[in-house]
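Got the sequence and the 3D view open? Let's take a walk through them together.

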Amino acid sequence: EILASRIGAEMNRPIIVGDSICQSGIYFLEECFYEGGDCEGCGGDATIDPDLIGNGICNGREYMSDACGNDGGDCDECFVDDPMKVGNGICDGGAYDSEGCSFDGGD
């Protein structure tokens, strides 16, 4: 309750903090201990924007990893051979250009 009041009404599911699934978004805050460590290792050496994880768009690339919770669940229906091609700025077509892959991550 105290944690939810510090963050505000937007945090409607505090139980997901520390559940080993990286949802990010409003939960990726200092007050939530950066989602209870759920996103630890997400992105490796790459720069990850936590606002893109779980935002409803499959961003692909590093976001589409186990550590990033398959982009916070955004890429759960994206079945491609090379996740690095999703959202890389090049329209790849085929399975990449599907609703599950957010139409190649917007490429």
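This is a predicted model: local features need pLDDT of at least 70, side-chain atom pairs count only at pLDDT 80 or more; totals for chains, interfaces and linings use all residues.

Residues are numbered from 1 along each chain as its sequence is written, and side-chain values use heavy atoms, with hydrogens and water left out.

How many disulfides does the structure hold? There are two, a disulfide being a pair of cysteine sulfur atoms within 2.5 Å. In general, a disulfide is a covalent bond between the sulfur atoms of two cysteines.

Take the pair C58 and C75, whose sulfurs sit 2.1 Å apart. This pair ties together distant parts of the chain, 17 residues apart: C58 is in the loop between α2 and α3, and C75 is in the loop between α3 and α4. (The helices are DSSP runs of H or I with at least four residues, strands would be runs of E with at least two, and both are numbered from the N terminus.) The torsion about the S-S bond of C58 and C75 is about 105°, so this disulfide is right-handed. Both C58 and C75 are buried. Buried means under 20% relative accessible area, exposed means over 50%, and partly exposed is in between, using a 1.4 Å probe and protein chains only.

Now look at the disulfide between C78 and C101, with an S to S distance of 1.9 Å. The link of C78 and C101 is right-handed too, with 95° about the S-S bond. C78 and C101 are 23 residues apart, and each is in the loop between α3 and α4. Why does C78 count as buried? Because its relative accessible area is 5%. C101 is buried as well, since its relative accessible area is 0%.

Let's zoom in on V86. Leaving out residues up to four places away in sequence, V86 touches C58, C78, V80, Y96 and C101, among others; contact here means heavy atoms within 4.5 Å.

Next, find helix α4, residues 102-105, where S102 lies. S102 counts as buried because its relative accessibility is 18%. A polar atom of its side chain lies 2.7 Å from the backbone nitrogen of C58. Not counting residues up to four places away in sequence, S102 touches G56, I57 and C58.

Finally, explore the loop between α2 and α3. I53 is found there, and I53 is buried because its relative accessibility is 3%. Between the C-alpha atoms of I53 and G72 there are 5.1 Å, though the two are 19 residues apart in sequence.

Terms used:
A polar contact is a pair of N or O atoms within 3.5 Å; within protein, one must be able to donate a hydrogen and the other to accept it, and residues adjacent in sequence count only if both atoms are side-chain atoms.
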